[in-house]
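The sequence and the structure come first.

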Amino acid sequence: MHGSGFLKVFLIISAISLLFDWYIFSGLKTLTSDWQSQLWRNTMLFGYLFISVGVVALFLIGFGSFTTANGMRPFHEWILSLFITFFLTKLVFVIILSLGDLGRFIVGLFNLASRSGNDPVFPARRKFISEIAVLVASIPFTSMFYAMFKGKYDYKLHRVTLYFDDLPDAFNGFTITQLSDIHSGSFDNTEAMQRGIDMAKAQKSDLFVFTGDLVNNAAFEIEPYIDRFSQIKAPYGQFSILGNHDYGDYIHWDSEHAKAANLDKLKQHHQTLGYRLLLDENVTIEKDGQKISLIGIQNWGRGFIQIGNLNKALQGVPKDAFKILLSHDPTHWEEQVRYNETNIHLTLSGHTHGAQFGVEIPGFRWSPVKYRYLDWAGLANEKNRYLYVNRGFGFLAFSGRLGIWPEITVIELRKKA
């Protein structure tokens, strides 16, 4: 969709939001109808309009200044997040209020059929309906603000132990720390982000891997944080791959040369971070004379850039080797890995972020991203070929996380007894 297309969408959504404001204003008038102080009543009513309409105006002004040459910056993410928060809150209020008005309409139809005297046909809106609308609408409002101010840096440690018949004995108990989807261009609180780095460091794993999307669009985004992420070290090395955002496909470049230069610079940043960037290739990890193969491919994803070459990456890997694959998009595992004639024991991915929103409680998991991805977070298994999808370290577009918290993964390999 081109810039003019985005602008039309923004204008339509903004118009819907303003229509919501008109309807909500009527509900707030009912809510405050018995307030004795006219001053407080006007403060509530017109204060709401000022804030809500102001957010819409800020949204239009902010994205009117958006340019695909720079991409979405934290400023734009915050504006978008505020708009989404208010829009969802208003939507919930409107739904509750309209259900009440629907009831009034149905009662009115019955009254019309049996009307007698001068009693009004349609009953007046009940104050308690507006009170319920405010109460229910406060839930998404407070939740979204929690997501923006707290949730996006509320790092969670996920530990997974996997058992394999053919794991070399020397690697029994071998640990891997995985980060994914750092999206460094979105950070707005460096010290809060550092807590996640410290959590990753504290695991003291044998191996560290990063599975793509170091930046949102451009190489310079990681530069303020190189000294911080380079603190993560592991005895058997730090390895990384590229994700779909790392190629710079989502912003405008002056030339193909400029775009290629950006990618080259990003690859240099991986080296500066101390990460060995795997580009359709493999390395051997050796411990006590025994070996496993670590394989990394460039991005390959259904609906996204597909330049990763698994066959090339597997060249030179012994058929009976224990294999770990780094592949950013879990759809690559779905379409090329799980049924491949070559047995790849474990694939580590990211990409989905778990939509940064959902519910994960014992026995139940839901996120809107499930309608796009078969495997969107955590562990999947197909005949002892495992996929682990990291929920992501950072965030993108919506400057928050709710229910799907940022993740540091620690995977322990075990020899099956």
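Leu294 stands opposite Ile324 in S8, in a model that is predicted. The strands concerned are S7 (residues 290-296) and S8, which run parallel and are joined by four bridges. They belong to an open sheet of six strands with the order S6-S7-S8-S9-S13-S12, in which the pairing is mixed. At the edges of this sheet are S6 (281-287) and S12, each of which pairs on one side only. On average, and with direction ignored, neighbouring strands here are turned by 20 degrees against each other.

Helix H9 lies across S8, S9, S12 and S13 of this sheet, and runs at about 160 degrees to S13. This helix, made of residues 330-337, is mostly covered, since six of its eight residues count as buried. The buried residues are Pro330, Thr331, His332, Trp333, Glu334 and Val337, and what covers them includes helix H8 (310-313) as well as the strands S8 (323-326), S9 (346-349), S12 (378-382) and S13 (385-389).

A further open sheet, also of six strands, has the order S1-S14-S2-S3-S4-S5 with mixed pairing. Its edges are formed by S1 (156-164) and S5 (276-277), each of which has a single partner strand, so one side of each is left without a neighbour in the sheet. Within this sheet, S3 (residues 207-211) and S4 (residues 238-241) pair in the parallel sense over four bridges, and the bridge partner of Val209 in S4 is Phe239. Helix H5 (residues 190-202) packs on the sheet, where it touches S1, S2 (175-179) and S14 (407-415), and its direction makes about 10 degrees with that of S14.

Which residue in the loop between S1 and S2 is considered next? Phe171 is found in that loop, and with a relative accessible area of 0% it is buried. Leaving aside its neighbours within four places in sequence, Phe171 is in contact with Ile285, Glu286, Lys287, Gln290, Lys291, Ile292 and Leu413. Phe171 and Ile285 are 114 residues apart along the chain, yet their C-alpha atoms are separated by 9.9 Å.

The helix pairs can be taken up next, for two packed helices are described by the angle between their axes and the distance between the axes. The table gives these values for two pairs, together with the handedness of each crossing.

| Helix pair | Angle | Axis distance | Crossing |
|---|---|---|---|
| H2 (residues 38-64) and H3 (residues 74-113) | about 140 degrees | 9 Å | left-handed |
| H3 and H4 (residues 127-149) | about 160 degrees | 8 Å | right-handed |

With their angle of about 140 degrees, H2 and H3 are therefore oblique to each other. On the side of H2, the contact is made by Tyr48, Ile51, Ser52, Val55, Val56, Leu58, Phe59, Gly62 and Phe63, and on the side of H3 by Phe75, His76, Ile79, Leu80, Leu82, Phe83, Phe86 and Lys90. These residues divide into 13 nonpolar, three polar and one charged.

For the other pair, the angle of about 160 degrees makes H3 roughly antiparallel to H4. The residues of the contact of H3 with H4 divide into 21 nonpolar, five polar and no charged.

For the chain taken as a whole, the secondary structure comes to nine helices and 14 strands, and the C-alpha trace spans about 95 × 50 × 35 Å along its principal axes. Of the 417 residues in the chain, 51% are buried. Among contacts between residues at least 6 apart in sequence, 76% join residues at least 24 apart.

How values were computed: Residues are numbered from 1 along each chain as its sequence is written. This is a predicted model: local features need pLDDT of at least 70, side-chain atom pairs count only at pLDDT 80 or more; totals for chains, interfaces and linings use all residues. Side-chain values use heavy atoms; hydrogens and water are left out. Axes are lines fitted to C-alpha atoms, for helices over the stretch in contact, and angles run from 0 to 180 degrees between N-to-C directions. Helices (H or I, at least four residues) and strands (E, at least two) are DSSP runs, numbered from the N terminus. Angles under 35 degrees count as roughly parallel, over 145 as roughly antiparallel, 65 to 115 as roughly perpendicular and the rest as oblique. A crossing is left-handed if the near helix is turned anticlockwise from the far one by less than a right angle, and right-handed if clockwise. Contact means heavy atoms within 4.5 Å. Ala, Val, Leu, Ile, Met, Phe, Trp, Tyr, Cys and Pro count as nonpolar, Asp, Glu, Lys and Arg as charged, and the others, Gly among them, as polar. Two strands pair if DSSP finds at least two bridges between them. Buried means under 20% relative accessible area, exposed over 50%, partly exposed in between (1.4 Å probe, protein chains only).
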